[in-house]
Each structure stands twice: as structure tokens, then as C-alpha cells.
Amino acid sequence: MSWIAGALAFWGLAWWANLRLAAMPGTRATRFAVPALFGVTVLVLWEGVVRGLDVPGVILPPPSAIAERFAASLPILWTDFVQTFVKGALSGYAIGCGAAFLTAILIDRSPFLQRGLLPVGNFVAALPIVGTAPILVMWFGFDWQSKAAVVVAMVFFPVLVNTVEGLSAATAMQRDLMRTWSASYWQTLLRLRLPAALPFVFNGLKISTTLALIGAIVAEFFGSPIKGMGFRISTEVGRLALDMVWAEITVAAIAGSAFYGLVAAIEKGVTFWHPSQRG
Amino acid sequence: MPRVPRGAGMTRSILPVLTVVAAIVALWYAAAFAMNQQWTRDQAARAGTEPTLAQIAADTMSQERPKLPAPHQVAAELWDTTVAKRVTSKRSLVYHGWITLSATLLGFAIGTGLGILLAVGIVHNRAMDMSVMPWAIASQTIPILAIAPMIIVVLNSVGISGLLPKAVISAYLSFFPVVVGMVKGLRSPDAMQLDLLSTYNADRWQTFWKLRLPASMPYLFTSLKVGVAASLVGAIVGELPTGAVAGLGARLLAGSYYGQTVQIWSALLGAAVLAAALVGLIGLAQRLTLAAMGMNR
């Protein structure tokens, strides 16, 4: 009982503190402290309620048990991370985004193809492409190649659609200016239209970071060698070792947000001139 | 780019779209031939015969378990499992599709409702905004789908099974896009409009109903489209860990267990049709609502 009371007391205290913090003028410190305090409160409540009510570990393990398991199985988590993220998701991400970008530039000169491909691309981007996982696993085998293939299929269309849209972002005035300088197609593309397209391209790249990780993990549910994050999650769930599942999810969460953060940081450096990045 | 009327844009792009679709089907046939011919050749070699190219081509289009089924095989399977079977039959794709759809819709409704509520709270409470919003945004970078198997198994172990666990996953996936989009939408009225309402002496409640909520509609529908697609994926993935009982996800899994590629492809196309229909329906609702509100451009 004291666990629950303690957790509730902490909740009240944190709530009060957050109200006070939020009422203060917004500085960098408060903008960081308020969500951090909220996150800690959720963890404390979770721990207190699980311990106080004696929730069995096969339903919801407390955060401390997850952290313990995380620390104890670092080697396993690392091999899974390498298998799923580095081999599956990253290679698929690079291939898929690269292919989509090149395709966008190839069809750029043909308005006919653009008008045909864009609606199809938009349509496909809304489909449950994860469903192709069993087919691709059948074609490319159980190892990371099939996961990379799923990732390629998932990231291709978002990047394609965004890049094509971005390539038309330069205004008519700017294009006319390039023409008055008698710039060739490629010069206009490299000096004006690609830089102008970058915010759109990065939008597609950022959406794709999450898709890549989802694709790599879900594809492993359909068959994988005996390592990988998706494999570990599905087998450990079967053994009711939920602390391990949560540890694996923690890895996925960290990897996902770090990947997104990295792409966002690159965007910040490359498109520093764009209004959304200034200010 | 000059804005073209909607109808004109549609007819202008029908020919290119049809060309692209035709190219995809042609590529599909070519790929089916290329990928299936090895099996045909092996069979012929085992039988000691030397098939002609035409025979190989004919065989690659009609194998029982091809590596890549030809489009007409998938179409035949689709016809067979939707129209030719009774809807209640366990082999009917309509039956499986309905199971997935019901979980999707229930989850989508829950997720959207909670998402809108949270967004309203975030817009009106600064502490909530500062503490929840960064997490809501960060959570979109996390592969949430990874927890699907756990939710299914855990809810099963406390005695909840069937529709609800899948709906929980669907709700969870559609929740965050709605929160983020709705917060953006509720904040979209600019200072001038808010000032106008305060000169009318409108209270918070009135400002919400008469300005913020109507202004948020375009944002809401945009995130609903994202959310419903995510819900469907969630429901499909939620059907995997229970071991292929029922639903489109189960059809995918069973197909991959037994090498029934035609079944996988037809389930996949079924899911695609479902997704397109759901997104299309929301698009229609969007157009009708915005037209009724006079917001259509």
C-alpha cells in the first residue's frame, strides 16, 4: 500500500511543480524540465502501482525490472540491434531512399510520367505495405536481405512523392531568373531546384525513418534467423518474459528517435536557409 | 503553378495514370514469367521433357504455388473468395476482411476520440501542453508497432481476447497523429481572429466552439487519413501473434506458413482495397464537411 501512496504523493508533487514551472516564463530550462518531470512521474507511478498491487511480471513488469534486464542482456540486445537496425533497416533505408530520389529526378523531365506516377504513388503510400513482408521473406530468405527489401518497399513511395513535390517548389520567378542567365537544365536543377526541394525531401526522409524500423521489425515476425529485435520480441512474448520484451522495445524506441534526430539534425545543417529552420 | 479546377485535373491525369498502371501490370506479368520459369524447367527436367518457350510461358501463368502469381491468378482468387463463397464461410475474404475492418474501426474511433480530447486539453492547459506535447511528438519516431504482439498476449492472459486487443493497437496507432494534427489545427486561428472574439467578449468555451474547432477541421481530416491507414496496419499486425485465427493478417500468416502465395497476394490486395476505401471515405467526408462549412477552395 505504501508503494501506491508514495507514487500518488509523488504524482501530486510533480503535478504541482509542473504547474509552477509552466507558469514561469518559458526558457530553455523549463521547456526541458517540464516534459522530463512528466516522464519521470509516469515511470514512478508505473513502478509504484505495479509493486503496490503486486501485478505479476507476466502482465506488466515494473520499470526497475526492465532496466535490470536491459543491463543484464546488453550483448543480446546489441546483436539484435545490429541485425535489425544496422543490417535490415539502415541498408534498406539507404537503398530505398536513394532509388526513390533517383526515380524522382528521372521522371522530372516527363510531366506525363509525373501525372501518372504521383496519384499511384500517393495511393500506394497509404496502403499497408507491411503486408508484403511474408512475400518478400519468401523471396529473399530469412536473413536481413528480406528485411531490407521490406524497408525499401516501405520508404520508396513517401520519398518519391515528397521529392517530386519538392522539385516543383522553386517559383516561376526564380526559374525565369535562371533562364535569363541561360542556365542549362542540369545547372537549374543543381543550383536552384534541388536546394529548393530539400525541405520536402527531408520531410520524406524523416517519415521514412520510423517506417524503416517498423518494416524491419514486423518483417521478422514472418521468419528470421535466431537474432533480431522482431524475432526476440515475438519469441520472448511467447515465453512470457515480458521484461526482455520491454527492454527490446526500449532499444527500438531509442534507435527510432536517435535515427529521426540524426536526420533532423542533418536537415537543420543543410536547409539552414529555410524559414522553418530560422527563428 | 496555376490552380486547375478539380474535374479538369482528373481527366487530364487519367491517361497517364492508366499508362502507369498498365506498365505495372505488364512488369508484373514479365516478373511472374521470370521468377516462375525456374520451377517449370525443373519439373520438365525431372519428367525428362524439353518444353517450348510457349509451354513454359503458359505454365508460369498457372502454377499452384508460384513464386509470384500472375495478376489474373490473384484476380481469380479474389473473385473466388469474395463473390463465389458465402460471406460466413471461413474461406471467404469478406469474412476475414470484416474481422479486420471491425477491429480497425473500433480502434480508430477510440483513438480519434481520445486524441481529440487530449488535444483540447493541451490547447487549454499550458502545463499539459509543456509536459505531454514533446512526448506525443517523440512517440511518432518510435516503432510503436513493435509492442503489438505484447499487447495481444498480455490482454489474452488477463482474459480479454477477440476484437478488443486488436482495437487497442489500432487506437494506439491512430492516437498520436490525431493529437499532433488537432493541436496544430486548434492553434491555427491567428491572433487577429482571437482578438476579434475577445472584442465580442466571447469566453473560452465560445471561442472554442465558434472559432478553434471549425478552424481545426482541415487539420483534423488530414490526420484522420493518416490515422485510419495506421489503424488498419495495426489491426493486421495485431492478428499475427495469435497464430492465424481470423482476419487479413491471419490470411497473410497462414499463406506464408503453407506457401500459398496466391492467398497472400489476394489478402494483400484485399487490405489495399480496404485501405483505399477507408482513406477515400474520409476524403469524401472531408470534402462534404468543408463544403458545408464554406471552407472549400
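This is a predicted model: local features need pLDDT of at least 70, side-chain atom pairs count only at pLDDT 80 or more; totals for chains, interfaces and linings use all residues.
Helices here are DSSP runs of H or I with at least four residues, numbered from the N terminus, and B:Leu252 is found in one of them, helix α10 of chain B. The contact between the two chains takes 49 residues from chain A and 48 residues from chain B, while the largest nonpolar core has 139 residues.

- Leaving aside neighbours within four places in sequence, B:Leu252 is in contact with A:Gly131 and A:Pro134 of chain A, and with B:Ile264, B:Ala267 and B:Leu268 of chain B.
- B:Ala267 lies 15 residues from B:Leu252 in sequence, and the two C-alpha atoms are 6.3 Å apart in space.
- A:Pro134 is one of the buried residues of helix α6 (residues 133–140) of chain A, the others being A:Ala133, A:Ile135, A:Leu136 and A:Val137.
- The cover over these buried residues of α6(A) includes α7 and α9 of chain A, together with α10 (248–258) and α11 (261–292) of chain B.
- Just after α6(A), A:Gly141 takes a positive phi of about 85 degrees.

**The contact between chains A and B**

- With 49 residues from chain A and 48 residues from chain B in the contact, the elements of chain A that give two or more residues to the side touching chain B are α1 (2–23), α2 (28–52), α5 (111–125), α6, α9, α10 and α11 (242–270).
- The residues on this side of chain A divide into 36 nonpolar, 11 polar and two charged.

**Helix packing in chain A**

- Helix α9 (residues 185–220) and helix α10 (residues 229–238) of chain A pack at an angle of about 50 degrees, with their axes 7 Å apart, and are therefore oblique to each other.
- The crossing of α9(A) and α10(A) is right-handed, and in it A:Ile217, A:Val218, A:Ala219 and A:Glu220 of α9(A) meet A:Met229, A:Gly230 and A:Phe231 of α10(A).
- The residues of this contact divide into five nonpolar, one polar and one charged.

**Helix packing in chain B**

- Helix α4 (residues 93–124) of chain B packs against α10(B) at an angle of about 125 degrees, with the axes 7 Å apart, and the two helices are therefore oblique to each other.
- B:His96, B:Gly97 and B:Thr100 of α4(B) make this contact with B:Leu248, B:Gly249, B:Ala250 and B:Arg251 of α10(B), a set that divides into two nonpolar, four polar and one charged.

- Not counting residues up to four places away in sequence, A:Val151 touches A:Gly88, A:Ala89, A:Gly92, A:Tyr93, A:Gly96, A:Ala212, A:Gly215 and A:Ala216.
- B:Leu220 is found in helix α9 (residues 204–238) of chain B, and counts as buried because 23 C-beta neighbours lie inside 10 Å.
- Beyond residues up to four places away in sequence, B:Leu220 touches B:Gly181, B:Met182 and B:Gly185.
- B:Leu173 is 47 residues from B:Leu220 in sequence and 15 Å away in space, C-alpha to C-alpha.

Technical notes. Residues are numbered from 1 along each chain as its sequence is written. Chains are lettered from A and ligands numbered from 1 in the order in which they are written. A nonpolar core is a set of buried Ala, Val, Leu, Ile, Met, Phe, Trp, Tyr and Cys residues joined through C-beta atoms within 7 Å. A residue is buried if 20 or more other C-beta atoms lie within 10 Å of its own, exposed if 12 or fewer, and partly exposed in between; C-beta atoms are placed from the backbone. Two residues are in contact if their C-beta atoms, placed from the backbone, lie within 7 Å. Axes are lines fitted to C-alpha atoms, for helices over the stretch in contact, and angles run from 0 to 180 degrees between N-to-C directions. Angles under 35 degrees count as roughly parallel, over 145 as roughly antiparallel, 65 to 115 as roughly perpendicular and the rest as oblique. A crossing is left-handed if the near helix is turned anticlockwise from the far one by less than a right angle, and right-handed if clockwise. Ala, Val, Leu, Ile, Met, Phe, Trp, Tyr, Cys and Pro count as nonpolar, Asp, Glu, Lys and Arg as charged, and the others, Gly among them, as polar.
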